Amino acid sequence: MIELKHITKEYSSGEGRTLALDDVSLTVRDGEIFGIIGLSGAGKSTLVRCINLLERPTHGQVFIDGEELTAIGRKRLLLLRRNIGMIFQSFNLLEQRTAEGNIRFPLEIAGVKRRAAEARARELLELVGLSEKAESYPSQLSGGQKQRVAIARALATGPKYLLCDEATSALDPATTDSILQLLRRINRELGVTIVVITHEMRVVERVCDRVAVLDSSKIAEEGEVSEVFSFPQSEIAKQLIIPELIRSAEGGGGKKLRLVFRGESADRPIISKLAIECGVAVDILYADTKRIDGKAFGHMVISLPEDGEEKVKKFLEGQKVSFKEEI
Amino acid sequence: MSRLFVQLGAEGFLLGVLETLYMTVISTAVAYLIGLPVGVLLCITDKDGLRPMPWLNRVVGFFVNILRSIPFIILIVALIPVARAVVGTSIGNGAMIFMLTVAAAPYVARMVESSLKEVDRGVVEAARSMGAGTFAIIRKVYLPEAKPSLIVGAVISTVTVLGYSAMAGTIAGGGLGAIAVTQARPSGAEDVIWLCVVLIVIIVQVIQELGTLLARKTDRRLRSGPKRASGSKKIQNKI
Ligand SMILES: Nc1ncnc2c1ncn2[C@@H]1O[C@H](COP(=O)(O)OP(=O)(O)O)[C@@H](O)[C@H]1O
Ligand SMILES: [Mg+2]
């Protein structure tokens, strides 16, 4: 379990001061994939770097499995970092080492014997599907391959946690998907708890169990992905999660309803049924369906006729469709 | 052909070449023995470095700058009494190696510092995230990752020391510089001076070619197609 308690981070550079994190508290549970999403400059990287103390918080405490990282000595910290792997947007591979050499690097740091380290490196290359690239240098690998090597390297010491700072942000959509799949597999099969930092909704949608939305140094909201994605509460979450919906619902008169379909309700033809059963015609202002965690998941904004409001609401309740009046 | 030219003969010039090479190589090597650790220190104690120690960084940087800003000719004169105290004499190859080393070490330190600062901060950060300590990061990240750039720096330093050694020949020690300045110039043996110049040019060329070749061969970033052109150009520009 990763616990951040009242983390504040202030950078003072020259004359200016930046409050990168403002009293941030959150808990990452064992076995989950936890997402932290926010716009650029929100403080995501600072937050994730506070977890392994690459950046020391100005105030607040960091606990890993109950041990307070912010209170231990440097030696112990270096040791504990082996239990927290990290990958980056720019991969950060050693350019002068082969893929295999890169994966051996953390093992050398940990004092593992050369033979054992080589065997472990091969094993990990196999895990990330790059066995035939063992002798390639980073400059000979594609972005996706580099990130796979970085993942293998981060897992070399068998960490319980993996921190990913914009790990897919430099990759194209197809490669992003394959890396996300790999992260899922690592989470499921190896039981590694993963923290994913991103500015892309897609990433959270695909892999995360829970998510925190970070907005200008503060956590705006936090919860199960399906919850936060159904009914984002904060302005920032709405902007990030359902930007088109917000735009489509702007302007125009009349009453509007936001519907959220989850699971099977997303697969039924509810609107045509509504038209037939209630005898009212509704205007669809916005509609979108996604799959999160294998389940269909949709948002819709409809405008209601003056007189049909009560009928429609009753019908929707009967159909177990969630709705909200304010967009 | 001048009398001196005949007098020196092939043997005399060869001796000059060997002495020049000997002093250059030894001085550069000793300069690296001192300059490399100082360069590492300057890099990691920088305010954005691995172990920021602004105070130490400023003090060391100050001394390096002072030594670097003294013109070599003046440094030699200033060092004559020091050389006498340290090496026991102010003339001859030993004294000259001492002077060259003093002049080159701070130069080497800055060279090393700038090479190490080229290493991607992200890579250093990744190593930190794995629990690598300062010493491990220097040994396994900074030095190996900066190797091609360090080799290029070593070439530039060697060539600089070579130039100094010719200059130092006017005061102490031997080599091509001494032949040209102390022997040939007073007797007006222009052919000797010119041959010395040609020999020095050849030595510089050879060192530079070999060094560039070595730097390029060790650089793993240059293996793939598109990066090759820009990578080697960068090295070429530096030299
Ligand atoms: N080393 C630093 N020195 C000064 N300011 C910094 C530093 N790192 C980050 N910041 C500032 O902190 C804020 C948050 O940055 P960051 O955590 O990188 O955001 P994100 O990863 O969400 O884009 C930004 O305003 C940034 O300029
Ligand atoms: Mg960032």
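Hi everyone, let's start with charge pairs: searching the whole structure over all chains turns up 29 salt bridges. By salt bridge I mean a side-chain nitrogen of Lys or Arg within 4 Å of a carboxyl oxygen of Asp or Glu. Side chains of opposite charge can pair when their charged atoms come close.

Some housekeeping before I go on. This is a predicted model, where local features need pLDDT of at least 70 and side-chain atom pairs count only at pLDDT 80 or more, while totals for chains, interfaces and linings use all residues. Residues are numbered from 1 along each chain as its sequence is written, chains are lettered from A and ligands numbered from 1 in the order in which they are written, and side-chain values use heavy atoms, with hydrogens and water left out.

Let's look at a few of these bridges. In chain A, the side chains of A:Glu10 and A:Arg17 form one, at 2.9 Å from N to O. How open are these two? I'll call a residue buried under 20% relative accessible area, exposed over 50%, and partly exposed in between, with a 1.4 Å probe and protein chains only. A:Glu10 is partly exposed at 33%, and A:Arg17 is exposed at 64%.

Now a bridge between chains. B:Glu125 and A:Arg49 meet through their side chains at 2.3 Å, N to O. B:Glu125 sits in helix H5 (residues 121-129) of chain B and A:Arg49 in helix H1 of chain A, so this pair joins two chains. Helices here are DSSP runs of H or I with at least four residues, strands are runs of E with at least two, and both are numbered from the N terminus. B:Glu125 counts as buried at 17% relative accessibility, and A:Arg49 is buried at 14%.

An α-helix has 3.6 residues a turn, so residues three or four places apart point the same way. Both B:Glu113 and B:Arg110 are buried.

There is also a network of salt bridges, linking A:Arg97, A:Glu100, A:Arg104, A:Glu108, A:Arg122, A:Glu135 and B:Lys140.

That leads us to helix H3 (residues 99-109) of chain A. Of its 11 residues, 10 are buried, so the helix is largely enclosed by the rest of the structure. Among the buried ones are A:Glu100 and A:Arg104, along with A:Ile103 and A:Phe105. What covers them? The cover for the buried residues of H3(A) includes helix H4 (114-127) and helix H5 (143-155) of chain A, together with H5 and helix H6 (134-145) of chain B. Just after H3(A), A:Gly111 has a positive phi of about 80°.

Finally, the ligand. Around ligand 1 there is a shell of residues, including A:Tyr11, A:Thr18, A:Leu39 and A:Ser45; to count as near, a residue needs a heavy atom within 4 Å. Which helix or strand gives the most to this shell? That is H1(A), with 3 residues. Strand E2 (16-28) and helix H1 (44-51) of chain A each supply at least two.

Oxygen atoms of ligand 1 also approach the backbone: a backbone N or O atom of A:Gly41 is 2.6 Å from one, and a polar backbone atom of A:Lys44 is 2.8 Å from one. These are polar contacts, meaning pairs of N or O atoms within 3.5 Å.

Key. A polar contact is a pair of N or O atoms within 3.5 Å; within protein, one must be able to donate a hydrogen and the other to accept it, and residues adjacent in sequence count only if both atoms are side-chain atoms. Contact means heavy atoms within 4.5 Å.
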